[in-house]
Structures are given as C-alpha cells and as structure tokens.
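Me: I have a model open and would like to go through it step by step. Could we begin with a term that I shall need for the strands?

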Amino acid sequence: MPILNAIVHRIEKAGDAPARLLAASEPLSASDTLEAMLEGLTRAYHAKSKAWGHFSDTTMGAGNVEGEEADAPASPLAAEITDYLADKRDFVTLTRGIAERLARLLDAHLSVSGDLMVLDTRFGDARFLTLALLHHREGFAIDEALQPVPARQLNLTQMSLAARLDISQWQSGDSRQYLSWTRERGGKALAEGFAALLGGVEGVDAPGETRTLLKAFSDYVEKEDLAEEASREKTETLVDYASEQASRGEPVTLEELSGLLDEQQPKAFYDHIRNADYGLSPEIPPDRKTLNQFKRFTGRAGGVSISFDSHLLGSSVEYDEQSDRLIIKQVPKQLKEQLKRQG
C-alpha cells in the first residue's frame with residue numbers, strides 16, 4: 001500500500017493539566033518499517049467496533065448525497081481535506097489542525113497521552129486518509145549483549161480514537177458510508193465529541209444491517225427447505241465471507257455473496273432479498289461481533305431432527321430448561337401443511 005504522506009504529532013496529557021501538543025514540522029520519510037507499521041495499524045483498525053457514515057456537509061467534497069439533512073452543520077475537516085487534495089493546504093498544516101482539535105477533545109474527556117498518526121495512502125485505484133491516536137506499552141527486548149532490556153513499544157491494538165476516510169468513495173458522491181470511526185472507549189460524550197471533530201454523521205448501522213442480513217438468510221434457508229448439511233454449508237460460507245470482508249475493512253456485496261451461496265443459481269439469494277424488501281443496501285459494512293454470535297443449533301434423536309438459527313432463541317423458539325421442552329412459535333409453512341394433511 002503506497003504511502004503518499006505520513007506524519008506523527010505527539011499529544012502529552014498529565015492529570016488535570018492542559019494537553020500539550022508537540023507538533024511535527026515535516027512528514028515522515030518512507031521506510032520499510034513505516035510500511036510494516038501501516039499494515040499492522042490497518043489490521044487493528046478493521047478489528048475495531050466502528051460507526052459508518054459520511055461528512056455532515058458533503059458539498060465541500062464532491063456533491064450532495066441524497067437524504068442529507070438540510071440543517072446539518074458543515075464539517076471543517078471535510079473543507080480542509082478538500083483544500084489538501086487541491087494542493088491548497090499542505091499535509092503538515094492539515095494534520096496539525098486535526099491534532100489541535102484532538103488535544104482539546106482529550107482535555108474534555110480523557111487523561112491520556114498519545115501519538116496521533118495520520119496517513120494518506122493509495123491501494124490500487126482507492127485512496128484513504130487514516131488517523132489514529134496510538135499509545136505506548138512497556139515491553140522487553142534483547143540487546144546486542146544478549147541481555148533483556150526494557151523497551152517501549154507502540155500498542156497498535158489500543159487506539160483510543162481512530163478514523164478512516166475512503167477518499168475515492170467520497171469523491172464519487174454516491175455513497176453514505178465512506179467515513180468510519182471507532183466508538184469503543186470513553187463513553188457517549190467522547191464518542192459524540194470525536195464524531196463532531198470529524199464532522200461525521202452515521203449513515204449505516206453496521207450491527208443492525210448485519211442482523212438484517214442474517215435474518216434474510218434464515219428466511220431464505222427456511223423458504224428453500226434446505227437439507228441440514230446444505231444449510232450448514234451455506235451458513236459457513238456466509239459467515240466466512242462476511243468475516244473476511246470485515247478483516248479487510250471491505251463491505252459485504254450482496255450480489256457477490258449470493259453467487260458464493262449458490263453457484264448454480266447465483267442470483268437466488270440476491271433476488272430473495274430484493275423481493276422481500278428487507279431494506280438492505282447493495283453493500284453493507286459487516287459487524288464482526290454480530291457475525292461471531294451467529295450459529296445454528298442442531299439436534300437429532302428418536303426420529304426427530306431440529307435445526308434453527310441462534311438469533312431465533314427467545315423469540316420464535318423458546319427453551320424451558322425445567323421441563324426440558326422446546327417451544328416453536330412459528331411453525332414452517334411446509335411443515336404445517338404436512339401436519340394438516342396428516343390430521
């Protein structure tokens with residue numbers, strides 16, 4: 001992933017004292033170490049729980065996005081990045097402005113120091129701007145005399161605040177999920193403050209979209225009346241594909257997923273989603289936590305075979321542990337018709 005520009009600004013914060021910014025005067029030089037660090041940072045960011053959305057005023061970037069709120073405040077950051085991309089603002093000035101606002105945010109909500117790393121990178125035809133507040137941890141190393149010595153290391157997995165802008169999607173003007181940012185630490189006030197710093201507006205509920213996708217898949221499996229082995233294979237295919245997309249920071253593409261689920265009828269699942277009108281976008285950001293919780297319960301004994309998705313437990317399916325009874329509230333239509341004919 002070629003690095004077009006990279007820089008680190010240090011923010012020192014001790015107790016109640018105001019945060020102090022130690023700003024860099026020039027970008028980092030290219031190096032193999034920097035490239036390797038970018039790979040680690042990217043992997044760590046993809047694993048984080050994130051909000052997905054867009055700038056509050058996209059007219060500063062590349063045209064309005066349909067559905068934008070008319071009274072949403074403009075994003076200063078969007079304007080500054082626009083100037084940077086047009087060579088009207090240099091990288092040092094752009095990133096120093098971000099660091100100054102971030103220092104004020106830390107003053108209000110967190111007593112932590114950190115190094116703000118900002119990178120402008122290109123991968124194929126796509127271009128990204130990534131920023132992350134990184135912290136250090138104490139570790140150990142072996143010196144030239146083969147003796148253990150203390151060593152201070154960057155902890156890439158501990159990112160208090162981080163964000164990523166897909167510049168290419170932003171400039172295309174037809175996406176509502178080109179901006180993502182972490183929302184794991186510090187409570188609601190910090191999360192809202194960081195979103196305000198970015199000028200970000202949530203356009204996609206990744207956990208909600210992922211749950212809807214899994215619900216659509218469960219309905220599809222039931223409608224197709226798939227055998228248990230086929231159902232299990234398709235479940236694994238969906239989870240593996242969506243998890244891989246999550247690890248790469250890429251969205252789930254419904255048409256691509258549909259083709260993976262059934263090579264003989266590659267449009268079957270996609271058509272099921274469209275015809276049932278689940279309200280899913282053609283591309284959705286997968287939520288890893290939701291995916292990890294998705295599984296199928298199966299059991300066979302005494303001529304009875306039962307299988308259902310875990311998210312149905314407590315709603316359509318209830319288990320009474322004391323009486324050892326499984327209650328199915330919504331009997332599949334095909335099974336219901338067979339039972340009526342038998343009666």
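Predicted model: local features only at pLDDT ≥ 70, side-chain atom pairs only at ≥ 80, totals over all residues.

Me: How many bridges join E3 to E7, then?

Reply: There are 4 bridges between E3 and E7, and the two strands run antiparallel. Within this pairing, Trp-52 stands opposite Ser-180 in E7.

Me: And how many join E3 to E8?

Reply: E3 and E8 are joined by 4 bridges, again with the strands antiparallel. Here the bridge partner of Trp-52 is Val-204 in E8.

Me: Is E3 enclosed or open to the outside?

Reply: E3 is largely enclosed by the rest of the structure, because 6 of its 6 residues are buried.

Me: What holds E2 to E1?

Reply: Strand E1 (residues 3-12) is joined to E2 by 3 bridges, and the two run antiparallel. For example, Ile-11 has Leu-21 in E2 as its bridge partner.

Me: Now to Ala-103. What is it in contact with, sequence neighbours aside?

Reply: Leaving aside neighbours within four places in sequence, Ala-103 is in contact with Ile-11 and Ala-19. Ile-11 is the residue whose bridge partner in E2 is Leu-21. Ala-103 itself is found in helix H3 (residues 91-109).

Me: How far apart are Ala-103 and Lys-13?

Reply: In sequence they are 90 residues apart, while in space they are 8.5 Å apart, C-alpha to C-alpha.

Me: Is Ala-103 buried or exposed?

Reply: Ala-103 counts as buried, at 8% relative accessibility; the cut-off for buried is under 20%.

Me: Moving on to H2. Which of its residues are buried?

Reply: In helix H2 (residues 76-85), the buried residues are Leu-77, Ala-78, Glu-80, Ile-81 and Tyr-84. Seen down the axis of H2, they fall within an arc of 165°, so they line one face of the helix.

Me: What follows H2?

Reply: H2 is followed by Asp-87, whose phi is positive, near 65°.

Me: Let us turn to the aromatic rings. How many aromatic pairs are there?

Reply: The count comes to 6 aromatic pairs. One of them is Phe-55 with Tyr-178, which is tilted, with 5.9 Å centre to centre and 55° between the planes. This pair links distant parts of the chain, 123 residues apart: Phe-55 is in strand E3, and Tyr-178 is in the loop between helix H4 (167-172) and E7.

Me: Are those two residues buried or exposed?

Reply: Phe-55 is buried, with a relative accessible area of 1%. Tyr-178 also counts as buried, at 3% relative accessibility.

Me: Which residues form a cluster through ring pairs?

Reply: Phe-55, Trp-170 and Tyr-178 are linked into a cluster by ring pairs.

Me: Which charged ends sit over rings?

Reply: The charged end of Lys-50 sits over the ring of Tyr-45, 5.0 Å from the ring centre. Likewise, the charged end of Arg-164 sits over the ring of Phe-128, 3.8 Å from the ring centre.

Me: Finally, H8. Which of its residues are buried, and what covers them?

Reply: Leu-254, Leu-257, Ser-258 and Leu-261 are the buried residues of H8. They fall within an arc of 100° seen down the axis of H8, so they line one face of the helix. What covers them includes helix H6 (206-224), helix H7 (228-248), strand E9 (252-253) and helix H9 (268-276).

Me: What does Ser-258 contact?

Reply: Apart from neighbours within four places in sequence, Ser-258 is in contact with Pro-266, Lys-267, Ala-268, Phe-269 and Tyr-270. Ser-258 counts as buried, at 1% relative accessibility.

Key. Residues numbered from 1 in each chain as written. Heavy atoms only, no water. Pairing = 2+ DSSP bridges. Buried < 20%, exposed > 50% of the residue type's maximum accessible area, 1.4 Å probe, protein only. Arc of directions from axis to C-beta. Phe/Tyr/Trp six-rings, centres within 6.5 Å; stacked < 30°, edge-to-face > 60°. Lys NZ or Arg CZ within 6 Å of the ring centre and 35° of its normal. Contact = heavy atoms within 4.5 Å.
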